Amino acid sequence: KDGEQIQTDLTAFLNKPNKDLTGVEFLYQLVTFMSIWGTSYTQVVRGSRFATLQNQSLENLEADKMVFDFKNKIPKVERLKGNDFTPEIYYRDGLLHPIDNENLLPIFDTVIFSNPYYSESRLKSLQLEVSNVQRNLEFKNTVLSSPTGIGMLTSDNKDANGSIPITTEEKKEMEEDLAKTYGAGVNQIPVRVTRMPVKYESTIPDLKSLKLDETQTISALNIFGHFGLPKELYPALIKGSTFENQSVSFKRFLQSEGQSLADKIARTFNDFYQPTDGLLKLGFNHMPIMQEDESVKQDVISKKIDNLVLALQNGAINQNEFNERVNLLL
């Protein structure tokens, strides 16, 4: 309020919106749901429309557990907005729970759709990249979880004509030994031994030749870019980078994508609760990584406000103009 950060009943409530989550955990869950489904639905739970904050709680609803219905079934995209698309029920604990549309706060993470009840997920639009990363990791895990490698045993018996195939009896005996005693399971021996003269032929391809790391990096960078994450953070995760580069990249992300998302969430709660003692604002100024920048910014703002105070005292601007300019600075 007027440039001052104050604590009110509303901020206290949002710092503990329900019995299970703190404010930070609640926001983390909200943003996670938004990333998965494109839209996050926050339900205001209260006994009556005029219940006090002390008698309220907030809960985030998973979009895939909600059922929607059209009030007006008009097959035109431009008409599918606002109350034309009304949520009806929500599945939880195997039961159906009715939703009060007036107490539902949808927050959507896209500018493509104007309908707040439907939004394309960023992750959904990245299915190819996500599945590529998943396949690469699964393949590597398969190799790593096989202590004896991936291959086959072949006969090492030879006569004048070359290798002698394993007989039916030998094959059966080897299969029984391998299945019973040897393998990667619990209480099994990872080294396989047989009485027959055999040799081991590896059938696993050369991982380097498959270029899995390169394709995984490309896919990961596409995912990072789609979420506005700086590309410098990805190499920092896999092979490290300088602390300075990480700090600069992280600051840039918070000041752009992070703050934009925070503003969407704050605007939604401001529109719903309409606080009279100031506006809610979500920011990252409390984080140590932002302290240095915040100190410089506050010095600049303070000097500009001092100049506005002088202009107000000299009659160059009136009180309303002063308030408007201060709000713009803050």
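Which residues do ring pairs link into a cluster? In this predicted model, in which residues are numbered from 1 along each chain as its sequence is written, local features need pLDDT of at least 70 and side-chain atom pairs count only at pLDDT 80 or more, while totals for chains, interfaces and linings use all residues. Side-chain values use heavy atoms, with hydrogens and water left out. The cluster consists of F13, F272 and Y273, which are linked by ring pairs. Rings of Phe, Tyr and Trp (its six-membered ring) pair if their centres lie within 6.5 Å, and planes under 30 degrees apart count as stacked, over 60 as edge-to-face and the rest as tilted.

By this rule there are 3 aromatic pairs. The ring centres of F13 and Y273 are 6.3 Å apart and the planes stand at 70°, so the pair is edge-to-face. This pair connects distant parts of the chain, with F13 in helix α1 and Y273 in helix α8, 260 residues apart. Helices (H or I, at least four residues) and strands (E, at least two) are DSSP runs, numbered from the N terminus. The rings of F272 and Y273 have centres 4.9 Å apart and planes at 85°, so this pair is also edge-to-face. F13 is buried, with a relative accessible area of 7%, and Y273 is buried at 17%. Buried here means under 20% relative accessible area, exposed over 50% and partly exposed in between (1.4 Å probe, protein chains only).

The chain as a whole has 10 helices and 10 strands. Of its 330 residues, 29% count as buried. The accessible surface comes to about 21900 Å², of which 55% belongs to carbon and sulfur atoms; accessible areas come from the Shrake-Rupley method with a 1.4 Å probe, and for residues only the protein chains shown count as cover. Among contacts in the chain with a separation of 6 or more, 58% are between residues 24 or more positions apart, contact being defined as heavy atoms within 4.5 Å.

A nonpolar core is a set of buried Ala, Val, Leu, Ile, Met, Phe, Trp, Tyr and Cys residues joined through side-chain atoms within 4.5 Å. The largest such core has 17 residues, of which L10, F13, L58, F269 and Y273 touch the most other members. At least two residues of this core are supplied by each of α1 (9-14), α2 (23-37), β6 (104-108) and α8 (243-273). The largest share, 4 residues, comes from α8. A second, separate core of 8 residues includes L61, A63, Y90 and I99.

L10 is found in helix α1 and is buried, with a relative accessible area of 8%. Leaving aside neighbours within four places in sequence, L10 is in contact with L53, Y273, P275 and L280. The C-alpha atoms of L10 and D277 are 9.6 Å apart, although the two residues are 267 residues apart in sequence. L58, not counting residues up to four places away in sequence, touches F13, L14, P17, N18, F26, T42, Q43, V44, F269 and Y273.

An open sheet of 3 strands has the order β2-β1-β6, with antiparallel pairing. Strands β2 (56-61) and β6 stand at the edges, each with a single partner strand, so one side of each is left without a neighbour in the sheet. On average, neighbouring strands of this sheet are turned by 20° against each other, direction ignored. Two strands pair if DSSP finds at least two bridges between them. Strand β1 (residues 39-46) and β6 run antiparallel and are joined by 5 bridges. In β6, L104 is the bridge partner of Q43, and F108 is that of T39. Of the 5 residues of β6, 4 are buried, so this strand is largely enclosed by the rest of the structure. Helix α2 lies across β1, β2 and β6, running at about 140° to β1. Axes are lines fitted to C-alpha atoms, for helices over the stretch in contact, and angles run from 0 to 180 degrees between N-to-C directions.

E232 is partly exposed, with a relative accessible area of 27%.
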